[in-house]
Amino acid sequence: MNRRSFVKWLLAGIALFAASGSLFMRKLTGETHLPVNAAEEASPTAAAPSDSPSSTPTPSPAAAVEKGKLLATVFLLSDIHMIDSQPVVDKVHTALKDLTSLKEKSDVIVLGGDLTTYARELDYKLLRTTFSQYKLPPMYANMGNHEYYDIWLTKEGAWSTETVPNGKTDKGARDRFQKFMGMDKPYADAWVNGVHLIMVSQDAYVQEKPDVQEGAWYSDEQLAWLEETLKPHADGSPALVFIHQPLPAVGSEGGNHRLIRASEFRRILLPYPNLFVFSGHTHQDLNLPNRYTKESFHWFMNASVTRTRGELSQGLLIQVYEGAVDVKGREFSKGDWIAPADWSIPLA
C-alpha cells in the first residue's frame, strides 16, 4: 500500500471510529498490545441494524406452510474470531457443545467468515484443535475481512499500520485459508442431500486493493463463477448463498463494511426467487428487528459466536424442506431458541 492510499484509508477510519474505544484508535495513540478477548474489538465497528433495509415480518403461525420432506439441516456459525483467549475459547466450546446436543442434527456446518481474529497459522491451529474435540459434520466456509488481518502484524506479532503489509500479502492470507479448509479457491459450492450451498468470499483486501477498506470485493472471475453456478436453479430449486459483509441499500453500491459490487451481485441473483442469502460481520443480536429482508431473494443477517453485542453467543439453524426453508436463531449461552428469530419461508 502506498502512503497516499494509506492516508486515505486512515482518514476514513478516523471519521468512522472517533467516538469508539476500538483497537484501531488505541493503535493511533501508540498502544501496540493485541486484544486478548472479545471485549477488545479488533475490527472496526460493524454497521448498525438501522443501516439495513427494512425487514419483511415473519409469516404468521396461522398461515401454515406446507413444508414436505426435510432435505438438509445446516448450522451457520459466523464470526467465531478465534484467538488464544480463554473467554473466547470457552464461548466456542459452549457453542459446539450446544450444537452437538440438539435433536436437530446438522448435515453440515458453514463457517460464515472471520473464523479467527488474525488468521495466523497459530490461530487456525487453535481453531482446528478446538473443533477436533467434537464429533462434527462436514464443514465449509467463506472468507471475511479478518481472514486477511495478518498483514497488520509484524513478524514479532505487534500491530503496525506504519509498516503494513509487514512483508505479507493478501494472496498469502487466501492461501492459508484455503489450506485450512482444503479449498483451491476462496469461493466454492457444494451439494448436501440435493441442497446447493454456495460460499462467496471477498477475494482482495487492502494490500492488493487499498480502497476496499473492510468491504467485500468480488472479482470479475468470482462473479462470473457465481452466475454460472446459479444456473441449475432456473427450475426454481432453492439454494443457500453465504456472504460475509452485508449488502447496502437497494440501488446503491457498497463500500467499507459492505458488499461492494452490490448491483452486479443483485443482478446475478435476480432470476432466481428461491435463493436464501446469509451474511455475518455485524455481530448484531438476533433478538433485534431487521434480521430478515425480502428482496428478489431472502436475506438473513447472522450474529456472532463470540462477539454478539451484549456478551451473547448466537448462530442460525437452517432447515431446507421440499416446499419451504426454516431459519431459527440459537442462543448458545443459554441453550435456547431465539423467539424473534424464527422464520418459515415457503418456496415460490
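Which residue forms a salt bridge with Arg266? In this predicted model, the partner is Glu295, and the closest N and O atoms of the two are 2.7 Å apart.

## Salt bridges across the chain

Let's stay with that pair for a moment.

The structure holds 15 salt bridges. Another of them joins the side chains of Arg330 and Asp98, at 2.7 Å from N to O. This pair links distant parts of the chain, with Arg330 in strand S11 (residues 324-331) and Asp98 in helix H3, 232 residues apart. Arg330 has a relative accessibility of 5%, so this residue counts as buried; Asp98, at 9%, counts as buried as well. Asp220 and Arg261 also meet in a salt bridge, at 2.8 Å from N to O, but here Asp220 is exposed, with a relative accessible area of 56%. Finally, look for Asp150, Lys168 and Arg176, which are linked in a network of salt bridges.

## The nonpolar cores

The largest nonpolar core has 42 residues, and Leu77 and Ile80 touch the most other members. Elements that give two or more residues to this core include strand S1 (70-77), strand S2 (108-112) and helix H4 (121-131). Helix H3 gives the most, with six residues.

A second, separate core of 27 residues includes Val192, Met199, Ile345 and Leu347.

## Aromatic rings

There are 14 aromatic pairs in the structure. Tyr118 and Trp159 form one that is edge-to-face, 6.4 Å centre to centre with 70° between the planes. Tyr118 sits in the loop between S2 and H4, and Trp159 in the loop between strand S3 (139-142) and H5, so the pair ties together parts that are 41 residues apart in sequence. Both Tyr118 and Trp159 are buried. The two also belong to a cluster linked by ring pairs, along with Tyr148, Tyr149, Trp152 and Tyr205.

Charges meet rings here as well. Lys209 lies over the face of Trp217, at 4.3 Å from the ring centre, and the charged end of Lys328 sits over the ring of Trp337, 4.1 Å from its centre.

Definitions and conventions. Residues are numbered from 1 along each chain as its sequence is written. This is a predicted model: local features need pLDDT of at least 70, side-chain atom pairs count only at pLDDT 80 or more; totals for chains, interfaces and linings use all residues. Side-chain values use heavy atoms; hydrogens and water are left out. A nonpolar core is a set of buried Ala, Val, Leu, Ile, Met, Phe, Trp, Tyr and Cys residues joined through side-chain atoms within 4.5 Å. Buried means under 20% relative accessible area, exposed over 50%, partly exposed in between (1.4 Å probe, protein chains only). Helices (H or I, at least four residues) and strands (E, at least two) are DSSP runs, numbered from the N terminus. Rings of Phe, Tyr and Trp (its six-membered ring) pair if their centres lie within 6.5 Å; planes under 30 degrees apart count as stacked, over 60 as edge-to-face and the rest as tilted. A charge sits over a ring if NZ of Lys or CZ of Arg is within 6 Å of the ring centre and within 35 degrees of the ring normal. A salt bridge is a side-chain nitrogen of Lys or Arg within 4 Å of a carboxyl oxygen of Asp or Glu.
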